[in-house]
Amino acid sequence: SIEEPAKERAAREAAGLVQSGMTVGLGSGTTAAILVRRLGERMREEGLRFVGVPTSVATAELARGLGIPLRELDEVDALDINLDGADEVDPQFRMIKGRGGALLREKIVACVARRRVTVITQDKRVSRLGQKAPLPVEVSSIGLQHTERRLRAMGAVTRIRMGPPGVPFRTDGGNAIIDCTFAGRHEPEELDGLLRSVVGVFETGLFLGLCDLLVVGTDDGVEQVPS
Ligand code: DER
């Protein structure tokens with residue numbers, strides 16, 4: 001797809017922000033995967049030395065295969081930088097994440113990082129969240145149908161994310177995800193609060209105040225947009 005070069009340009013630019021000695025949050029998704037591969041190249045080509053804290057089993061396996069030293073989040077005091085993708089970003093740098101199913105661990109890691117960098121292509125930028133992507137909500141797999149009903153009662157159109165046919169998707173942490181769309185024009189902060197008050201909801205894909213810098217791949221280049 002034509003975005004591919006733009007996605008690669010953005011990932012390469014973001015990988016350039018890592019300096020030796022850093023502890024780096026490694027995001028999840030296809031952009032993050034390109035970025036992790038680029039960091040592996042920099043280790044081999046330039047002798048870059050850093051420690052990665054992965055946000056998913058998939059990212060951990062990719063990074064380990066590239067020889068990137070990894071730590072669990074509780075083994076480090078803080079992260080110098082977090083590098084992750086997003087599904088949508090609005091003009092106030094508020095984001096929807098979670099299409100890759102790693103939102104809980106991504107959010108836990110992102111909020112520990114000193115600098116949170118979001119790596120996207122132009123098509124992810126929206127004027128209002130929810131325009132293009134549903135909002136993933138991570139919920140307990142226990143009483144999933146009942147939690148779904150509670151989300152519908154607050155006005156969401158819901159879809160339980162499926163893994164193998166007929167089997168709900170399970171996150172790395174063993175939870176389920178309900179993808180929600182809302183007709184109303186809730187403010188993201190208000191919607192996040194409403195969702196978090198629903199019994200059975202663990203986390204939402206609304207990442208608010210968790211982006212310090214956007215790295216955007218465009219058709220003819222790449223730009224860095226500080227929040
Ligand atoms: O699931 C996630 O949170 C991913 O980071 C997603 O938001 C971006 O994935 P992509 O880079 O494959 O579009």
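Predicted model: local features only at pLDDT ≥ 70, side-chain atom pairs only at ≥ 80, totals over all residues.
**Entry 1: terms and model**

Strands, labelled E, are DSSP runs of at least two residues and are numbered from the N terminus.

**Entry 2: the loop between E4 and E5**

I looked up Phe93 and found it in the loop between E4 and E5. Its phi is positive, about 65 degrees, although Phe93 is not a glycine. Is Phe93 buried or exposed? Its relative accessibility is 14%, and buried means under 20%, so Phe93 counts as buried.

Asp90 lies in the loop between E4 and E5 as well. Asp90 has 4% relative accessibility and therefore counts as buried. A polar atom of the Asp90 side chain lies 2.8 Å from the backbone nitrogen of Gln92. I then left aside the neighbours within four places in sequence and listed the contacts of Asp90: Val126, Ser127 and Leu129.

**Entry 3: the sheet on either side of the loop**

Next I followed the strands that flank this loop. They belong to an open sheet of three strands, in the order E4-E5-E11, and the pairing is antiparallel. Which are the edge strands? They are E4 (88–89) and E11 (206–207), each of which pairs on one side only. In general, strands of a sheet pair through backbone hydrogen bonds, either parallel or antiparallel. Two bridges link E4 to E5 (residues 95–96), in the antiparallel sense. I looked for the partner of Val89 and found Met95 in E5.

**Entry 4: Glu106**

I checked the UniProt record, an unreviewed entry, and it places the feature "active site" at Glu106. In the model, Glu106 is part of helix H4 (residues 103–110). Its relative accessible area is 3%, so Glu106 is buried. What does Glu106 touch, not counting residues up to four places away in sequence? The list is Ser28, Thr55, Asp84, Lys97 and Phe207. With Lys97 there is also a polar contact between the side chains, at 3.3 Å.

**Entry 5: rings and charges**

Phe207 came up again when I looked for charges over rings. The charged end of Lys107 sits over the Phe207 ring, 5.2 Å from its centre. A second case is Arg161, whose charged end sits over the ring of Phe169 at 5.8 Å from the centre. How many aromatic pairs does a search of the whole structure find? The search finds zero.

I turned to strand E8 (residues 156–160) and sorted its residues by face. Ala156, Thr158 and Ile160 make up the covered face, while Val157 and Arg159 make up the uncovered one. As a general rule, side chains in a regular strand alternate between the two faces of the sheet.

Strand E9 (residues 176–182) runs antiparallel to E8, and five bridges join them. Opposite Arg159 I found Asp179 in E9.

Last, I looked up Glu148, which is in helix H5 (residues 144–153). Is Glu148 buried or exposed? With a relative accessible area of 8%, against a cut-off of under 20%, Glu148 is buried. I set aside its neighbours within four places in sequence and listed what remains in contact with Glu148: Thr158, Arg159, Ile160 and Ile178. Of these, Thr158 and Ile160 are on the covered face of E8, and Arg159 is on the uncovered face.

Conventions: Residues numbered from 1 in each chain as written. Heavy atoms only, no water. Buried < 20%, exposed > 50% of the residue type's maximum accessible area, 1.4 Å probe, protein only. Helix = DSSP H or I, 4+ residues; strand = E, 2+ residues; numbered from the N terminus. Pairing = 2+ DSSP bridges. Phe/Tyr/Trp six-rings, centres within 6.5 Å; stacked < 30°, edge-to-face > 60°. Lys NZ or Arg CZ within 6 Å of the ring centre and 35° of its normal. UniProt positions renumbered as here; feature names shortened; annotations may be inferred. Contact = heavy atoms within 4.5 Å. Polar contact = N/O pair within 3.5 Å; in protein donor to acceptor, adjacent residues only side chain to side chain.
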